[in-house]
Amino acid sequence: MGSVLAASSSPPAPRGPGQVSVPPGFTMPPVSSLPTPPNVGGQVGEVESPLPNPGAFEECHRKCKVHFMLAALPLPARQVNHTLSLSTLGDSSYRFGATYVGCKQTGPAESFPVMVGDMDNSGNLNAQVIHQLTERVRSKMAFQTQQQKFVNWQCDAEYRGSDFTTAVTLGNPDLLLGSGIMVAHYLQSVTASLALGGELVYHCRPGEQGAVLSLTGRYTGTNYIATVTVGGAGAHASYYHRANEQLQLGVEFEASSRMQDTSVSFGYQLDVPKTNLLFKGSIDSNWVVGATLEKKLLPLPLSLALGAFLNHRKNKFHCGFGITIG
């Protein structure tokens with residue numbers, strides 16, 4: 001939920017290992033608690049700690065997504081990657097991606113601007129630009145081209161207060177035809193662990209318009225995160241658990257009222273730092289099994305990613321490998 005590009009076009013093909021995605025660091029660090037003032041006049045002064053910022057609405061279910069994110073980059077950083085995919089689902093493809101991270105550092109693991117893009121052998125382009133405009137306001141622009149034509153583009157602005165986050169996204173606006181999509185998000189910290197919010201998606205085109213409202217609740221524990229989203233489009237629930245420093249697990253449930261379909265998926269991530277290996281795997285209720293292996297080829301500035309996905313019901317197989325330089 002919350003992606004205009006996903007709402008305004010058919011879902012893109014799943015990304016293979018090594019492909020470019022938004023680098024980590026797009027999440028603001030939590031606001032630290034105020035220190036308790038010293039005793040004055042023999043009385044104990046107590047100041048209630050402020051609530052932390054809940055983060056972005058679209059990140060509520062992100063922990064359970066088995067995605068291939070880029071590692072943290074030195075500042076400034078430039079990174080390129082090459083990906084070759086072989087599949088029985090369609091034609092094989094090659095993708096070239098590039099990432100640039102600027103020098104404006106706003107936190108321990110985030111800096112701006114961030115520019116990410118990738119292009120396949122047919123000339124189809126996906127690109128994003130993320131920038132921190134002020135201390136609390138950041139913006140993002142994204143667009144997609146297919147067959148040398150713009151098919152989707154969106155821009156959004158996000159404001160992060162001390163204990164809330166609000167954002168507005170516009171997708172494919174056309175003033176002449178009177179069409180477009182608008183998405184509004186609001187997420188509020190109720191307690192230090194509980195955050196509640198909502199999403200409103202409004203779309204219009206000649207002769208048709210409509211709106212869908214969704215409500216979200218997220219609870220963050222010491223080593224787990226539970227999130228539930230319920231709305232007119234369906235329901236989405238996820239549970240993320242960090243077992244230890246090396247193993248992370250996630251379970252996700254999705255139900256679509258429009259498609260009349262439900263699915264359950266399970267994923268894991270195993271990090272072996274001594275050998276610079278990262279394993280990821282997933283399986284869902286449709287019997288689609290996927291696994292990836294990422295290896296840093298030290299001391300060279302290279303990373304190798306191998307991945308394979310098998311759909312048992314349709315007897316279809318997809319595999320690929322990627323090389324990241326930088």
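**View 1. Leu310 stands opposite Phe317 in strand E18.** Strand E18 covers residues 316-325 and runs antiparallel to E17, with 10 bridges joining the two. Strands pair here if DSSP finds at least two bridges between them. Strands (E, at least two residues) are DSSP runs, numbered from the N terminus. Four residues lie between the strands in the hairpin of E17 and E18, where Asn315 takes a positive phi near 55°.

This is a predicted model, in which local features need pLDDT of at least 70, side-chain atom pairs count only at pLDDT 80 or more, and totals for chains, interfaces and linings use all residues. Residues are numbered from 1 along each chain as its sequence is written, and side-chain values use heavy atoms, with hydrogens and water left out.

**View 2. Strands E16 and E17 form a hairpin.** Strand E16 spans residues 288-296, and strand E17 spans residues 302-311. Nine bridges pair them in the antiparallel sense. Five residues sit between E16 and E17. Thr292 has Gly307 of E17 opposite.

**View 3. E9 pairs with E8 and with E10.** Strand E8 (residues 179-189) and strand E9 (residues 194-205) are antiparallel and share 10 bridges. The E8-E9 hairpin has four residues between its strands. Met182 has Tyr202 in E9 as its bridge partner. On to the next pairing: E9 and strand E10 (residues 208-220) run antiparallel, joined by 12 bridges. Ala195 stands opposite Arg218 in E10. Two residues separate the strands of the E9-E10 hairpin, and Gly207 takes a positive phi near 85° there.

**View 4. Phe143 and Phe150 make a tilted ring pair.** Rings of Phe, Tyr and Trp (its six-membered ring) pair if their centres lie within 6.5 Å; planes under 30 degrees apart count as stacked, over 60 as edge-to-face and the rest as tilted. This rule gives five aromatic pairs. The centres of the Phe143 and Phe150 rings are 5.7 Å apart and the planes stand at 55°, so the pair is tilted. Phe143 is partly exposed, at 29% relative accessibility. Phe150 is exposed, at 62%. Buried means under 20% relative accessible area, exposed over 50%, and partly exposed in between (1.4 Å probe, protein chains only). Elsewhere, ring pairs link Tyr159, Phe164 and Tyr186 into a cluster.

**View 5. A nonpolar patch lies on the surface.** Its residues are Tyr239, Val251, Phe253, Val264, Phe266, Tyr268, Leu270, Ile283, Trp287 and Val289. Together they have about 800 Å² of accessible area. Such areas come from the Shrake-Rupley method with a 1.4 Å probe; for residues, only the protein chains shown count as cover. Patches take residues with over 30% relative accessible area and no salt bridge, joining like charges within 9 Å and nonpolar side chains (Val, Leu, Ile, Met, Phe, Trp, Tyr) within 5 Å. A salt bridge is a side-chain nitrogen of Lys or Arg within 4 Å of a carboxyl oxygen of Asp or Glu. Strands E13 (247-256) and E14 (261-272) each supply at least two patch residues. E14 gives the largest share, four residues.

**View 6. Strand E15 holds Ile283 and Gly281.** The strand covers residues 277-284. Ile283, one of the patch residues, is partly exposed, with a relative accessible area of 34%. Gly281 is buried, at 3%. The C-alpha atom of Gly281 is 5.6 Å from that of Gly267, 14 residues away along the chain.
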